[in-house]
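Work through the exercises below with the sequence and the model open. Each task is followed by a solution in steps.

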Amino acid sequence: MNTSAMTISRILHAGYLFECEGTRIAFDTIFENPFSRNCHAFPQLRFDTDAIRRQRFDAVFISHFHDDHCSLDSLDLLDRATPIYLYCIFDELFDMIRQLGFSHVQPLRLNETVDIGPFQVTPREAMDADVDSMFQVRAAGLNVLNVVDSWIDDTTLGQLVDEGPWDMVLWPFQTMRELEVLAPSRHAAAPPALPEEWIAQLQALQPRYVVPSSCQFLQEPWSWYSRAFFPISYARFGREVGAALPQAQVVRLNPGVSVRLDATSLQPAPRLPWVIPVGDQDVDYVYEGNASAPPTSEIARHFAPLSAAQRERVLDYCRNELAGQYGEVEASSDYFDQPRVWQLSVFDSDGKATHWRYRLEDGQATLDAAAEPLGWTTEIPATKLYGALEQGESMTTMYMRINDTVFDQDTERDLLDADVVDDPLICCLFSAIFGAYQAAQLRRLLAR
């Protein structure tokens, strides 16, 4: 029997456990369902958190700061002596993890290898190097590339080809439509096909095994996002990659599933006992384009009503704070270089809206109830706006609806060059704040 092998187990989303010669290292550890507020595991599962607390990992590697990869609620389950290696350009997140009690929290540097027992883990540069990274993992004479959910540019691809041959690639198989669902009436349905560059890159890497990775979640059962967010199915990924790489094997790893990789084969291994499957595990995505997006008034009814104090927090923000924040941010396009009237509509849990109109001019926002004609609109459930203000809720969970109307001819022409993330509410909530989600987690965890 060949003893030069590593065992690879899927946890959830981009989370993996690698084991070799008694050493165990984990990547992007998320032990929550749902995670990131409204990401429900797909296929469905539950975690045995007591068993997770008894696990001992020789190191945990985190590819980037997004809350579906770095969650303090999940890290809270781990022994505080566990070394944490994090790729992040912001010092604040390292401080948060240390405040949680971890004594060994180290920054990762691109192309600098970390040795953990038999493992050599090397962060590689992703297309957006200010945000995320990839991992090259070597052990037992094997070479695995964990792309996480990054994109690869030509320079890095050439470097990765030189680092081959590759035994396995964990490849992000979804092209999530995070921005398109913000303005569904202004986007055509994306074709359910893999990007051409993905196929070309996989052909250049020539791995023995390809695992469709990341994106193991759906939104709430009632959510139209679950039919509009994910264009690619496991079946399509298998067909397209299989046709383009006939020498490779496409291997689906559901949460908890383990495989033993060696120089000549890939064999099943005992599954992770603390990742417990619930129901059918061979489910697949169903894509319906923009899926007849329901109005925000209907979506808002799915959320619990705010308390009086919470509602006042939202009202105070709209009346007072938002205008001041707008003066501190800058849009990435020139659409707002000329005066615009912006309407923000906040929907309570019975579907009723409160409308706020702001005149946006010279980088300032001024409440003006009579301002017209409109040049931009934003809709949001009140509960979600409160979640962003006090709980660090991210843009992709807030069910914002942008410019879901028809403007005058001149405005429509100008909007062709505008970016949806120039939305004034998005800019105010997210442009000047880092780590709001983790900061809210930390406050709650430390207050126990």
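**Exercises on a predicted model**

T29 is buried, as its relative accessible area is 1%. The structure is a predicted model.

**Exercise 1.** Find where T29 lies in the chain and list its contacts, leaving aside neighbours within four places in sequence.

Solution. Step 1: T29 sits in the loop between β3 (23–27) and β4 (40–41). Step 2: with neighbours within four places in sequence left aside, T29 is in contact with I11, V60, H69, S74, L75 and L78.

**Exercise 2.** Decide whether L78 is buried or exposed, then find its place and its contacts.

Solution. Step 1: the relative accessible area of L78 is 4%. Buried means under 20%, so L78 is buried. Step 2: L78 belongs to the loop between α2 (72–75) and β7 (84–86). Step 3: apart from neighbours within four places in sequence, L78 is in contact with T29, F31, F57, V60 and F102.

**Exercise 3.** How far apart are L78 and R56 in sequence and in space?

Solution. Step 1: in sequence, 22 residues separate L78 and R56. Step 2: in space, the C-alpha to C-alpha distance between L78 and R56 is 7.7 Å.

**Exercise 4.** Locate D337, decide whether D337 is buried or exposed, and name the patch that contains D337.

Solution. Step 1: D337 is in the loop between α9 (308–326) and β20 (340–347). Step 2: D337 has a relative accessible area of 62%; exposed means over 50%, so D337 is exposed.

How values were computed:
Residues are numbered from 1 along each chain as its sequence is written. This is a predicted model: local features need pLDDT of at least 70, side-chain atom pairs count only at pLDDT 80 or more; totals for chains, interfaces and linings use all residues. Side-chain values use heavy atoms; hydrogens and water are left out. Helices (H or I, at least four residues) and strands (E, at least two) are DSSP runs, numbered from the N terminus. Buried means under 20% relative accessible area, exposed over 50%, partly exposed in between (1.4 Å probe, protein chains only). Contact means heavy atoms within 4.5 Å.
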